[in-house]
Amino acid sequence: MPDTCAKDVVTVLYLFGFDRIGVAVSDIYFVDPDPLEGQEGAERGVRLELRRLESGELKGSIYSSRPITVDRPIWRVDLLESVTGTPGSFDRTHHHPGVKGWEPGRRVFDERLSEEPLKWLGERLADLEGVLDESGVGRDEVSAADVTGLRDRAPEIVEAVARLLDTVRAADPNAPAGAGSATSVRASWL
């Protein structure tokens with residue numbers, strides 16, 4: 001999918017890393033080129049992805065920076081709202097419990113996710129094994145440190161998501177520069 005306007009937009013990326021998995025969080029402005037019925041028009045909000053992480057070997061001295069690979073997604077949550085809708089409506093909020101390679105599965109709309117998105121998110125992050133089961137990912141792909149680390153840091157992650165949602169809502173609701181009448185826009189790290 002083309003990044004129609006990503007060059008003209010400043011977005012933020014948070015990364016919480018554990019052992020073999022991490023959580024990436026970014027703001028997003030999105031225009032779907034092939035929207036579902038009733039999902040037409042621009043969306044904005046926060047995207048969270050559970051990602052595989054790989055820590056590389058040092059490339060120099062013990063003081064050198066360590067390479068880190070943020071790899072394929074396992075699970076995605078999109079806390080989105082239509083740009084023309086009411087802020088706080090979470091009218092486009094959904095998750096993708098299945099990801100094949102780099103492609104997300106279908107959008108799954110969960111009434112509770114739209115009603116209490118931050119509470120729902122915190123509960124899901126605290127239950128990594130349940131998320132893996134729902135996503136069809138083997139529990140052996142994560143370590144005990146991942147399970148414990150994510151559960152312990154879930155409130156901090158949810159707090160970062162809440163701050164980013166506030167930032168998105170306070171921003172200009174218009175399309176990013178250069179995206180005016182584009183039929184496909186994706187301005188985000190994720």
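A polar contact is a pair of N or O atoms within 3.5 Å; within protein, one must be able to donate a hydrogen and the other to accept it. Keep that in mind for this tour of a predicted model.

**Stop one: Glu 43.** Select Glu 43, in strand 3. The side chains of Glu 43 and Arg 92 are joined by a polar contact of 3.1 Å. Is Glu 43 buried or exposed? Its relative accessible area is 1%, so Glu 43 is buried. Show what surrounds Glu 43: beyond its neighbours within four places in sequence, its contacts include Ile 28, Phe 30, Leu 80, Val 83 and Arg 107.

**Stop two: the largest core.** Select Val 23, Leu 48, Leu 50, Trp 75, Leu 121 and Leu 125. These have the most contacts inside the largest nonpolar core, which has 31 residues. Next, colour the elements that give two or more residues to this core: strands 2 (21-31), 3 (43-55) and 4 (68-82), and helices 2 (117-125), 3 (128-135) and 4 (144-170). Which of them gives the most? Helix 4 does, with 10 residues.

**Stop three: Val 23.** Zoom in on Val 23. Setting aside neighbours within four places in sequence, Val 23 touches Leu 15, Phe 16, Leu 48, Leu 125 and Ile 157, among others.

**Stop five: the surface.** Return to Leu 15, in strand 1 (residues 13-17). Its relative accessibility is 40%, so Leu 15 counts as partly exposed. With Leu 15 they form a nonpolar surface patch, with about 250 Å² of accessible area together.

Notes:
Residues numbered from 1 in each chain as written. Predicted model: local features only at pLDDT ≥ 70, side-chain atom pairs only at ≥ 80, totals over all residues. Heavy atoms only, no water. Core = buried A, V, L, I, M, F, W, Y, C linked by side-chain atoms within 4.5 Å. Buried < 20%, exposed > 50% of the residue type's maximum accessible area, 1.4 Å probe, protein only. Helix = DSSP H or I, 4+ residues; strand = E, 2+ residues; numbered from the N terminus. Contact = heavy atoms within 4.5 Å. Patch = residues over 30% accessible without salt bridge, like charges linked within 9 Å, V, L, I, M, F, W, Y side chains within 5 Å. Areas by Shrake-Rupley, 256 points an atom, 1.4 Å probe, with all protein chains shown as cover. Salt bridge = Lys/Arg side-chain N within 4 Å of Asp/Glu carboxyl O.
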